Amino acid sequence: MASGLPYFDPDYENLSSRINPPRVSVDNTSCKNYTLIQVDSVNKPGILLEVVQILSDLDLSISKAYISSDGGWFMDVFHVTDEHGNKITDPKTINDLEQALEPKCRKANVSKTWSGQRVEVHSMGDHTVVELIGRDRPGLLSEVSAILSNLHINVVAAEVWTHNQRVASVVYVNNNTTCRAVDDPIQLSTMKEQLKNILGGCEDDKKVSHTDFSEGSTHIDRRLHQMLFADRDYEGVCFTSGNDHLHSFQPNITIDHCEEKGYAVVSVRCKDRSKLMFDIVCTLTYMKYVVFHASISSDSPYASQEYYIRHVDGCTLNTDGEKERVIKCLEAAIRRRVSEGLRLELCAKDRVGLLSEVTRVLRENGLIVARAGVTTVGEQAMNVFYIRDSSGNPVNMKTIEELRKEIGHRMMLNVKMDPASEKAPEANKWAAKSSFSLGGLMGKFLS
């Protein structure tokens, strides 16, 4: 132990939590339309993000919330519904919620510097986690998928976000032969080198970030926010290709001061959507701001959220530069998850090269992937793509028919128009006619 430094018992941090564990109340009687979830707990750094993350992971929609954590105690109340707008009555979901909110020991994070074009690979259980960040361009996802397929590496799960001409992705892969993490040093080295080459395909991409963050296993959405925040995707002009739908999601963010309590008051008003509170709280946390009080309400289709914050060093936002940075970062966090145009859902038997095949077909038909999610359930792969054409216009339905002809005989294909989009009424009509749920797709495969 270094001389002159006081001894700190590593168990002390969790002592208060053991003596006063969180109390979770799920109330379906006090409110007609919502389930009330109340959490009372000893206050600790990051607890609000942990709670909101749990609600987000269970696909619960937060219509109202009241947060108070000024002092040693954390108290909050959430008015929630499920993804269909119903109260939470399923006993298993309620039990999962209560179990998830129990105290857990958090592992220390290992931090390192992140650069603007980088590939990170590390193992987690039976999977290898590949993290990529760089400049977005048409066909990039197809090229990444082709490299993995050629190396006989299977994509088990993936999430891809694009924003402001940047792309971030977290990909879970395994060895196609062993179905375990990729541990061959030569194969790993080849994969990293080839992925670096395609990410560095733009000679004028000089963007570099020097923000430190965790390299260990973490929540995938939190990781994507971390990566894009560290990449400074909030800087510069946000490219929307003239998409009025994205402009409609432009949030109105203001910052004032509560002189009496010494808080900065961040007010956000924008179109409501799934996981909105999570994205805002996640960003404030990574910017090292502490939320002491918050009030959340949704008056469909808009949401109003107000946060009383201070920096971890106790300071408030005293300069115009600090305020402008917070506003830009929150705007970026909100827009990263905004869906563009058509939602394309595909379900097929999982195999090496499936993602490569699908993204190649999308690229050959002049379609750009704005956001993507890949998951595997048993032997079945579920892929969701938010697509637009290369000029930013609505996707021509003739193009979708060509996609259906080309790949529809090998996998189940479903098309949905983003309900918030007011463009392409013909597309809306066509999509509504042909639309069915992704759950239905999986049900047919798993039955």
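**Salt bridges and their surroundings**

Modeller: Gladly! Glu357 and Arg351 join their side chains in a salt bridge, at 2.3 Å from N to O (the term means a side-chain nitrogen of Lys or Arg within 4 Å of a carboxyl oxygen of Asp or Glu). This is a predicted model, in which local features need pLDDT of at least 70 and side-chain atom pairs pLDDT 80 or more, while totals for chains, interfaces and linings use all residues. Residues are numbered from 1 along each chain as its sequence is written, and side-chain values use heavy atoms, leaving out hydrogens and water.

Glu357 is buried at 12% relative accessible area, whereas Arg351 is partly exposed at 38% (buried is under 20%, exposed over 50%, partly exposed in between, with a 1.4 Å probe and protein chains only).

Across the whole structure, 18 salt bridges turn up. One of them pairs Arg337 with Asp221, with closest N and O atoms 2.9 Å apart. These partners sit 116 residues apart, Arg337 in the loop between α9 and β15, and Asp221 in helix α6 (helices are DSSP runs of H or I, at least four residues; strands are runs of E, at least two; both are numbered from the N terminus).

Asp279 is itself among the buried residues of α8. Nine of that helix's eleven residues are buried, so the rest of the structure largely encloses α8.

In α9, Glu324 and Lys328 lie four residues apart, about one turn, and form a salt bridge at 3.3 Å between the closest N and O atoms. Glu324 is partly exposed at 45%, as is Lys328 at 34%.
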